[in-house]
Amino acid sequence: MKTFITLLKKHKGKSIVLLTLFFLTVSSSLYILYALSLLAGIETLIRILLSITVILIGIILCLSYMKSLRKKRSRYVLYIPFVGMYVVLLFVFGHYICKTYNAIDKMTTNETTYSSSLVSLSSDSAENLTSLKDGTIGMVDDENNVIGYQLPREIVNEEGLKNKIEEYESYVDLLNALYDEEIEYAFLPTNYAVMFETMEEADFANVREETKIIYTKDKKVKSSDVSSGTSLDKPFTILIMGVDSENEEIAGSSFNGDSLILITFNPNTLSSTILSIPRDSYVPIMCFAGQRKNKITHAAWYGEDCMMETIENFTGISIDYFVKINFKGVVKLVDTLGGVEVDVPYSFCEQDSNRKFGNNTIYVNEGLQILNGEQALAFSRNRHTWPEYCPAQYSNYVSNDFIRGQNQQTVIRALLNKFKDIDSLDTIYALLDTIGASMQTNMTTSEILSLYNIAKDILVKSSGQNMDDLLSIQRLYLSGYDKYIYDTATKLNLYNYVLYDGSIEDISTAMKVNLGLLEPTFVKTFDFSIDEPYEEVVIGKGVYSASSVDDESVLPDFVGDSEAQARKTAKRLGISVTFDYKEVKGGNNTVISQSYPEGTKISRIGKVTLTIGTPKSSSDVDKEQSEEKDKEDDKNQSGTSTKQVNVPYLTGKTVREATTICKELGLTLKVRNDTYTNSDEIVSQEQLGLVDVESIVYVRVKEQTKEDDTPIESESKEDEDESESLEIDKKIEEE
């Protein structure tokens, strides 16, 4: 050591240069070794060889520096360009590794972010907590609800609010109380506008304009579903949850449960199953009091832990990981990739990523094409027609929750196909930046990095193959039926999609087989015809008996039934009914209304009055038309420009027939059922009376089967009188 110091003092100029080179060599070597250590589980042998090589080169260079100090005439200046290039290479390589690691690490989280806001009507003068009036503040009464109860209590205590506190059973009750001015302020989820705008049964379409946020507080709670693994080398399940946030970044954004996709993947066989879960699926919500059944989308109000537990409960599949994706991030992701190739099944229009129509409306034509980010997001979101915003050529299609789920799966597959063609570092890092800001997962960073091994295996085996064929992606389908069920929390008769137990069992079995938890059952016979195209059997999509939902305890939908059919159903359910007969235009002796709505608990009602629509006589029809003409003339003379027409009686018509009738009158027909897929399905009327021309007429598709899945017409006759009544009714309908 003394000799080395003596040499440094003796050759000051040379020693400064060599010391600088020594420092750069050591620091760059340590940096690259640290960077390589971050990539645990990726190309272990290559990383070890690189580390050994770096260490050996570092030792050789350091020894060379010392040797140069001892020589009087050494050409040490030759080290400068070589060492400079070497050091820069190590620093650049290490920088890209660390940048990749940090971008991936940004996606991982072991916390759930909850966000609660104090909301008032837009007309209220308060703009912040300091200008708050002495009015009553409302919050939900569920002490386990972080957003609706725990956070609001913290805000009240921390900010010293002295307002009177009123507790309500649900968010719907809260918002109604705010509108009715029973309270001046309400604590709601920060994304309440998106949440309530999609609640079609409640009249909150303009909640965004009619209310405002005064104060917001976020809280991070450690998640109970934190992964502790290091590598994805065994079969696993992952739940993808869509976040329809208005923010660009996902941090602090609560998801609304509209988009749920459950995937199982087996890295050994490269096989996967993919299941879209309808937002209105009627299942037990694990974090609700008593685990009462409700729409699965409402589980999102309690966070991702509640959603995962709810899905695990009804499917019997343990979920290893979740991924929350901000829908707005999809736009950037697709645009970064240069678009995705999708065969669009129908022409449609949709809101843009900011949920705006007008000049922002997104139009997509039918056919195979490259979709940009906004178009891909519109395709993934679409579940309605929008005749009030779009031309006829972009409104002539059928879409619903199921079709939207299929569209989302199509976009996912298109993205997978696009990923394997990435050959630019700039594109990779642009993707990482986008994904890092738009995605959160409970996977550890090391688990995400281990996906490299799966991707490498896929690329080695692909050889230009389509990703669908290579990965063996099996689509699953949840079958069920429409049901309006009275919800005690929201005080609304909500549309629900009741899942068939048999369908749940079949999709659960398929997922367990893919995960290696069950042995597959092999089909030993296979028949096909060369003259008919082969159609793949979709697991979960078939004919099943009714599920275990307590249908017997709620009032069914009688609208569209004949009197005989209604009597038989009422007798089977033990309901006391009376009939009221009303002449209506186009009446065909079927039920047009009932005194209690479908879904009402039978135990809460007495006698049910069913109104039968009977045909009007021709003289009455002529008189009515004459009166309508006189009214129209009076309006024209008084200067009223809005033309009105009577909504025709449509019950019993097909959707196609009803659409044509409405179109002739200048009206637009809109079917509410999410599961509506066929224009030949029979309409069940929702409204009659005078409306403005160009109004929307809402109808529902009449459910054709009862709980045992047997058509009403094929039910066994209980007695001769009922049989004769049915025959008479059929003759009347034919006439």
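1. Helix α13 (residues 425–438) comprises 14 residues, and the span from its first C-alpha to its last is 20 Å, close to the 20 Å expected at 1.5 Å a residue. The expected span is 1.5 Å times one less than the number of residues. Helices (H or I, at least four residues) and strands (E, at least two) are DSSP runs, numbered from the N terminus.

2. On the basis of the work: this is a predicted model, in which local features need pLDDT of at least 70 and side-chain atom pairs count only at pLDDT 80 or more, while totals for chains, interfaces and linings use all residues. Residues are numbered from 1 along each chain as its sequence is written, and side-chain values use heavy atoms, with hydrogens and water left out.

3. Which residues of α13 are buried? They are Tyr429, Leu431, Leu432, Thr434, Gly436, Ala437 and Ser438. Buried means under 20% relative accessible area, exposed over 50%, and partly exposed in between (1.4 Å probe, protein chains only). The cover over these buried residues includes α4 (79–107), β11 (321–326), α10, α12 (401–419) and β16 (439–441).

4. Helix α10 (residues 327–336) packs with helix α11 (residues 373–381) at an angle of about 135°, the axes lying 7 Å apart. Therefore α10 is oblique to α11. Angles under 35 degrees count as roughly parallel, over 145 as roughly antiparallel, 65 to 115 as roughly perpendicular, and the rest as oblique. Axes are lines fitted to C-alpha atoms, for helices over the stretch in contact, and angles run from 0 to 180 degrees between N-to-C directions.

5. In this pair, Phe327, Val331, Val334 and Asp335 of α10 meet Gly373, Glu374, Ala376, Leu377 and Arg381 of α11. Contact means heavy atoms within 4.5 Å. The residues of the contact of α10 with α11 comprise five nonpolar, one polar and three charged. Ala, Val, Leu, Ile, Met, Phe, Trp, Tyr, Cys and Pro count as nonpolar, Asp, Glu, Lys and Arg as charged, and the others, Gly among them, as polar.

6. Helix α11 also packs with α12, at an angle of about 145° and with the axes 7 Å apart. Here Ala376, Phe379, Ser380 and Arg381 of α11 meet Arg404, Asn407, Gln408, Thr410 and Val411 of α12. The contact of α11 with α12 has three nonpolar, four polar and two charged residues.

7. As to the whole, the protein has 21 helices and 27 strands. Of its 735 residues, 49% count as buried.
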